[in-house]
2 protein chains.
Amino acid sequence: MKSDVEISQEAKMAPITTVTNQLGIDPDDLEQYGKFKTKVNFDPTASHQDGKLILVTSINPTAAGEGKTTVTIGLGDAFKELHKNVVLALREPSLGPVMGMKGGATGGGYAQVVPMEDINLHFTGDFDALTEAHNTLAALIDNHIQHGNQLNIDPRQIVWKRVLDVNDRELRQVVIGLGGRTSGVPRQDGFDITVASELMAILCLATSLQDLKKRISKILIGYTYDRQPVYVSDLHVEGALTLLLKDAVKPNLVQTLEQTPAFIHGGPFANIAHGCNSILATKAALAYGDYAITEAGFGSDLGAEKFMDIVTPRLNKTPDCVVVVATVRALKLNGGADKKELNVENLAALKKGVVNLKRHVEGMQQYGKPVIVAINKFATDSDDELSYLSNYVKNTLKVTGEIINSWAQGGQGGLDLAKKVIAACDTPADFHRLYDENAGVLEKMQAIVTRIYGGANVELSRKAKNQLKRIEKMGYDHLPVCMAKTQYSFTDNAKQLGAPENFTIHVSDLQLKLGAGFIVALTGKILTMPGLPSHPAALDMDIDENGRITGLF
Amino acid sequence: MKSDVEISQEAKMAPITTVTNQLGIDPDDLEQYGKFKTKVNFDPTASHQDGKLILVTSINPTAAGEGKTTVTIGLGDAFKELHKNVVLALREPSLGPVMGMKGGATGGGYAQVVPMEDINLHFTGDFDALTEAHNTLAALIDNHIQHGNQLNIDPRQIVWKRVLDVNDRELRQVVIGLGGRTSGVPRQDGFDITVASELMAILCLATSLQDLKKRISKILIGYTYDRQPVYVSDLHVEGALTLLLKDAVKPNLVQTLEQTPAFIHGGPFANIAHGCNSILATKAALAYGDYAITEAGFGSDLGAEKFMDIVTPRLNKTPDCVVVVATVRALKLNGGADKKELNVENLAALKKGVVNLKRHVEGMQQYGKPVIVAINKFATDSDDELSYLSNYVKNTLKVTGEIINSWAQGGQGGLDLAKKVIAACDTPADFHRLYDENAGVLEKMQAIVTRIYGGANVELSRKAKNQLKRIEKMGYDHLPVCMAKTQYSFTDNAKQLGAPENFTIHVSDLQLKLGAGFIVALTGKILTMPGLPSHPAALDMDIDENGRITGLF
């Protein structure tokens, strides 16, 4: 069997200009990175007719993921085979996990975006630019303190940490500024992974270069000794930081193995951030395609909820259809199967685990738009398992469901699903918001926990309560909430699989992200800097003298 | 008067393919980054005739620099105006100092490489890739310790620090791995600026992708508890690290304002590293040009000495002519003038300061090739100052000297100098090595200090002495030495200007860089992570809604 990188390297790619010509993009609006990648100078204010929007989400995943990106790409290729003008909008992979255990994040098998080896590594440098801009701001804050601290910033109350796009647990908690008078002020600090940077969220929510700068200027960086907020605008560095992101803010366009156009831009994780590609990329996909297919990270409790509640008001567009990806493997895991035994038929576990799918489907149905289940076929699924699951979707959940086999068959493997999605997009339906935008922080969290997670309560730690008071006093309590929660469970405990009932979500801290325009609620033991496993993927990667790459999945 | 970025943005650039076509580069060997930047898949083993090589260096600079890059570019443009087939090979700017006080590093006025705003910011992502690869290795080392430490690495003896391309004094000395059992092993660490990374030196000394991987595998990362060396090859991650640098290792090609081709690739600082652009870029310039002009960082005591003694044996080519850039301003500073008064005529200080130029010229003359002085004219230089200096060069130093005014006049301002350099390149001369490659570490340092710096002695700290013993025991004492020293003085004290006599160089530490293949000797109080000034350049940078940039000099 061929590896993903082998399939990618054997692919016959069209020059990216062939793809952009088909979309009618002016060659003057391109900034190519080699022959197969390009940035697009997309003007969202230019008049255009929006296409239909399809959101792909999933159940709670296994550690290996459920192939949501593979399904999204395969679905796009199927649309193309049905002669539909379709454009994908996806997230960029984060290098940290690529070197860790996840491998690439560019689909798999015969449903990939290419060139996968470039997209999975530095791509067009967007994440590197974000890392650089983030750490430049951190250095400017400490430098301000070092040179007299005119703003009276309290080094104990700086909320702007540093970032790297590396899985490096060693940097989670550090002490910096050691070495005496000329080497800064000693203080506690920490590094997050770049995808958790507020700048990543800002890049993904910005609607123009000017909006980007405006949002950057609003970032809360810390507090003064007398507890007054300090913003980037107080340091006067929003211009320099925007300058560092002038290219990163432009959406990237590549193609799938079947030459379907795919914007890939921005990539906050959905467990520690809002989990969706950039608004500019989705707008571009809607402008150039009759159909735009986008995905939101992890399960529907995370990425999709945030897409619905945080992204759509800023996108000015809601999905016409929601696709929930399920796999036999993950449902068996949710039903209690051992994670090492997921390749073995286990109908009992599957029957127990389907409640997880049920809750995801019902959660998404609350938004009012058609919900379809995509069963992503793995070679190890038995016929009995697949048929049980198909029947469950049809007879118990009473929603449309189709098996998709794009990993093995590309677009051809997704034709049935694509036809159902196209039909659903033509079904008139009203979008219902989950909560009133003007509701308070607690009320919003309560709506998410009870109506999406299926839980009972939200409990705030003492620290979170104090933070909430501060937020209310500052007048920011009407911002949307971005839940930071484990992707493995509806609860804040990664071990509680299936569809737990009557649980409480524990909020340990609330963080004001004023540039992004939301409040992050940290729940359970969520980490904003992952670690590497005992055998990192990096150990198996290689490149030979002819540039042939191995070990990049 | 127009700013550098204004001149750059008004420039009429040729598509980079026009430049590559003139050089006869196969379009299939290009990987374009937009319309005006490209990476070149250059094969150094393909047969070609090497052009003549010109090395540009300088006297000890002021904090603002002596316009060495401006002279190099202006000289190249003058060659072009004289209908010579010339190609430049320059270093990439480091973002940290761009945000600090230095502004851009792409020439100035009418002698610039363009687009300067891209080259000064992320360019083609080479430095970002180096940062990512460096920190990935750091994370893999700590991760190995976290997961059982099979190699028995002593966390107190890890010599591989972390890096960022940010001037951030706050990170010079840090404690990492705090937070308990799941967040790593607490230990002391520090961050260097990316240009000080051994990977930067390796990238600049590698002659192919395979040589890059071989060098990476040799990197010394630390020692075991029983004091045995641990290399990257012991961790088996040279493949992954090479993969992360697969594009960074390819030289970048841009053009000057006058459309002279310029390779810009790699950029170690000359005070803390070896200070020269990549060997692959210089080889490419030699292959495509009848004349290749390259520059080495800071004064001839730093970059040029390292070019001669470290680079040329690996380049298999020595310079046909050496150009020493001098300015009236820097010589006045070297003669005792106040650094705030350099715009004021001061013949007395100039007459005292010319000894600095004398020592640089005599140092370079020891290598046997013709040495020419380029007097880089500033608008504030008086006629009397310029004429005194010209006469001093001609009558006292008895070498060829010419005034160059490319900042104001581009290539036209460098015609006289260019003619002299062309003539010098045709003068037969033998290259003399400064030291025997097989000499010991102390002997090599002694040769550099006495014959290039004009000092008397080298003194090793206790730590450096112990390190030397360890190096000798390991059998690496025949490697070349890369001196890390202040750029402002021949001595290791930045305040000792002019041409001090009878001084001692104090070596505080010796660092084995086995991937780069040299030993770094740290002298005086050299810092490998700069800080930002009280008013960083970042505060004055901006970009408006039309992408117009200000404040980037």
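Student: What makes residue pairs across the interface of chain A and chain B count as being in polar contact?

Tutor: A pair of N or O atoms has to lie within 3.5 Å, one able to donate a hydrogen and the other to accept it. In this predicted model, the rule finds 35 such residue pairs across the interface of chain A and chain B, both at pLDDT 80 or more. Helix H6 (residues 126–146) of chain A gives the largest share of the side of chain A that touches chain B, namely 10 residues.

Student: Why is the meeting of Asp542(B) and Lys213(A) called a salt bridge?

Tutor: Their side chains are 2.8 Å apart, N to O. The cut-off is 4 Å between a side-chain nitrogen of Lys or Arg and a carboxyl oxygen of Asp or Glu, so the pair Asp542(B) and Lys213(A) qualifies.

Student: What makes the area between chain A and chain B "buried"?

Tutor: Buried area is accessible area that the two chains lose on being put together, summed over both. Here that is about 6100 Å², with carbon and sulfur atoms giving 60%. Glu170(A), Leu243(A) and Ile543(A) supply 12% of the area that chain A buries against chain B, more than any other three residues.

Conventions:
Residues are numbered from 1 along each chain as its sequence is written. Chains are lettered from A and ligands numbered from 1 in the order in which they are written. This is a predicted model: local features need pLDDT of at least 70, side-chain atom pairs count only at pLDDT 80 or more; totals for chains, interfaces and linings use all residues. Side-chain values use heavy atoms; hydrogens and water are left out. Buried area is the accessible area (1.4 Å probe) that two parts lose on being put together, summed over both. A polar contact is a pair of N or O atoms within 3.5 Å; within protein, one must be able to donate a hydrogen and the other to accept it, and residues adjacent in sequence count only if both atoms are side-chain atoms. Helices (H or I, at least four residues) and strands (E, at least two) are DSSP runs, numbered from the N terminus.
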